[in-house]
Amino acid sequence: MIDVLNDIEILEQAIKAFTHGHSDEKQMAMDSLEKLLAEKKAIMVAFEKEMAPDVFDGQKQKFEKGHQIEVIKEPFQRWK
């Protein structure tokens with residue numbers, strides 16, 4: 001729950017900076033948001049590796065009736 005409160009604080013400060021801040025404050029807010037996003041992506045990768053280690057090894061694989069038909073090199077590329 002502490003993580004959620006920290007995320008809320010970062011988001012609130014970023015909104016204030018983008019709304020009322022000077023360029024240096026806006027840049028710091030953008031840096032904070034980029035760091036937060038990178039942390040969340042790392043959490044997702046760790047979750048995927050833990051929950052599906054045989055399927056997710058840095059590559060996402062599609063299966064059809066137990067046979068590999070396609071390998072996606074970067075599974076989260078579409079969200080970048």
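## Length of helix 2

Helix 2 has 29 residues, and at 1.5 Å a residue it should span 42 Å, which agrees with the 42 Å that separates its end C-alpha atoms. The expected span is taken as 1.5 Å times one less than the number of residues in the helix. Helices here are DSSP runs of H or I with at least four residues, strands are runs of E with at least two, and both are numbered from the N terminus.

This is a predicted model, in which local features need pLDDT of at least 70 and side-chain atom pairs count only at pLDDT 80 or more, while totals for chains, interfaces and linings use all residues. Residues are numbered from 1 along each chain as its sequence is written, and side-chain values use heavy atoms, with hydrogens and water left out.

## Overall make-up

The chain contains two helices and two strands, arranged along the sequence in the pattern α-α-β-β. Of its 80 residues, 12% are buried, where buried means under 20% relative accessible area, exposed means over 50%, and partly exposed lies in between (1.4 Å probe, protein chains only). In helix 2 the buried residues are A29, L36 and E48.

Among contacts in the chain with a separation of 6 or more, 16% are accounted for by residues 24 or more positions apart; a contact means heavy atoms within 4.5 Å.

## Contacts between the helices

L33 belongs to helix 2 and counts as partly exposed because its relative accessibility is 24%. Not counting residues up to four places away in sequence, L33 touches I10, L11, A14 and F18.

Leaving aside neighbours within four places in sequence, I10 is in contact with S32, L33 and L36. The C-alpha atoms of I10 and S32 are separated by 7.0 Å, whereas along the chain these residues are 22 apart.

## The salt bridge

Which residue forms a salt bridge with D7? The partner is K40, and the closest N and O atoms of the pair are 2.7 Å apart. The pair links distant parts of the chain, since D7 is in helix 1 and K40 is in helix 2 (residues 23-51), 33 residues away. The structure holds one salt bridge, defined as a side-chain nitrogen of Lys or Arg within 4 Å of a carboxyl oxygen of Asp or Glu. In general, side chains of opposite charge can pair when their charged atoms come close.

Apart from neighbours within four places in sequence, D7 is in contact with L36 and K40.

## Surface

The accessible surface of the chain comes to about 6,900 Å², and 59% of it belongs to carbon and sulfur atoms. These areas come from the Shrake-Rupley method with a 1.4 Å probe, and for residues only the protein chains shown count as cover.

M1, I2, V4, L5 and I8 make a nonpolar surface patch of about 530 Å². Patches consist of residues with over 30% relative accessible area and no salt bridge, with like charges joined within 9 Å and nonpolar side chains (Val, Leu, Ile, Met, Phe, Trp, Tyr) within 5 Å. V4 has its place in helix 1 (residues 2-20) and is partly exposed, with a relative accessible area of 42%.
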